[in-house]
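Here are my notes for your first look at this model. Keep the structure open as you read, and find each residue as it comes up.

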Amino acid sequence: MPLRIVFCGTPEFAVPSLRHLLAQPDFQIVGVVTQPDRPRGRALAVSNSPVKEAAVAAGVLVYQPEKIKSDEAFEYFKKAAPDAVVIIAYGQIIPQRLIEIPRLGWINLHGSLLPKHRGAAPIHRAIMNGENRTGLTTMNIDAGLDTGPMLLRFETEIGADETAPELYARLSEAGAPLVAETLRGLDSKTITPKPQDNSQASFAPPLKKEEGRIDWSLSAQHIYNRIRGMQPWPGAFTSFRGKNCAIWGRPASPSAAVSVPPGQILKAKGNVVVACGDGTSLLLEFVQLEGRKRVTALEFANGARLAPDDRFGS
């Protein structure tokens, strides 16, 4: 008989795993649990989560409790009688009485090589830190924050220019077969859960708006890592003539070393560069001034009529 699965998830990251499990004959998705419909996007229009959209398209019943800790949610899971619950970026802490219901436990797909980067933003933080390797871990959840025993892992390189949305999409696809393999291994008892080494743990808390503000005293590579890791939100931004502006760029050639104060904007040989720490510079590619559309660095420089001492962050 197929394994009875309840799938819990909310964002796009969880969708490939849901679709993959739906396509496997040895799994039966008996229900999908996702967050209630919320205002999303710039217009704040109330809309379905990506997981709900995928479930409805597949004809699977969707349950959207306001609080997963409620008695109503407990009764839902008891009635569903799943062999396992797959939970991926659901967005709420699961109470112990729910964890105890499925015989194979709650299987979580986490976007890091645990115990590194426990928390809500592992993909963004890995890129922001300048790391060159990351991966995925499946684990049985417990009452802690990403502290449960590990099951299977997938490891991959982070591209030198890879952005958080690009890595997010790549890992979400790689996670789908890993979740299926984990479920089969648990059911056949060929996987032995491995406790995490808490002494090696690091944390990846949710991003905050102000973290996107660029510190020009850092090296160009450090700033570039933050530009890549802060996409799509909050983005990398600075100030120019009293207004915030979003910026995109990459480290300039080492031969373009500068000796002016960090943040100073220089226009030379058809390029626009910004002085950074350690004598490095950032080759500016695009700028979006507050309330304006995104333009190329040269369009920005020409439109702003840069003065010799104009700086970002002043």
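**Notes on the model**

1. Start with the surface. The accessible surface of the protein chain is about 15,400 Å², and 54% of that area belongs to carbon and sulfur atoms. Areas come from the Shrake-Rupley method with a 1.4 Å probe; for residues, only the protein chains shown count as cover.

2. A word on the source. This is a predicted model, where local features need pLDDT of at least 70, side-chain atom pairs count only at pLDDT 80 or more, and totals for chains, interfaces and linings use all residues. Residues are numbered from 1 along each chain as its sequence is written, and side-chain values use heavy atoms, leaving out hydrogens and water.

3. Now the overall build. The chain has 8 helices and 15 strands. These are DSSP runs numbered from the N terminus: helices are H or I with at least four residues, strands are E with at least two. Of the 314 residues, 48% are buried (under 20% relative accessible area; exposed is over 50%, partly exposed in between; 1.4 Å probe, protein chains only).

4. Look inside. The largest nonpolar core holds 38 residues. Such a core is a set of buried Ala, Val, Leu, Ile, Met, Phe, Trp, Tyr and Cys residues joined through side-chain atoms within 4.5 Å. Phe7, Leu21 and Leu183 have the most contacts inside this core. Helix 6 (residues 164–187) gives the largest share, 9 residues. Apart from this core lies another of 21 residues, including Ile214 and Cys276.

5. Check helix 1 (residues 15–22). Its residues Val15, Pro16, Ser17, Leu18 and Leu21 are buried. What covers them includes strand 1 (3–9), strand 2 (27–33) and helix 6. Phe7 touches Ser17, Leu18 and Leu21, among others (contact: heavy atoms within 4.5 Å).

6. How many salt bridges are there in the whole structure? A search finds 15. Each needs a side-chain nitrogen of Lys or Arg within 4 Å of a carboxyl oxygen of Asp or Glu.

7. Take Asp187 and Arg103, whose side chains meet at 2.8 Å, N to O. The pair links distant parts of the chain, 84 residues apart. Asp187 is partly exposed at 33%, whereas Arg103 is exposed at 52%. Asp83 joins these two in a network of salt bridges.

8. Compare Arg125 and Glu211, which meet at 2.6 Å, N to O. Arg125 lies in helix 5 (residues 122–128), and Glu211 in the loop between helix 6 and helix 7. Arg125 is buried because its relative accessibility is 11%. Glu211, at 22%, counts as partly exposed.

Note on methods
Lists of a residue's contacts leave out its neighbours within four places in sequence.
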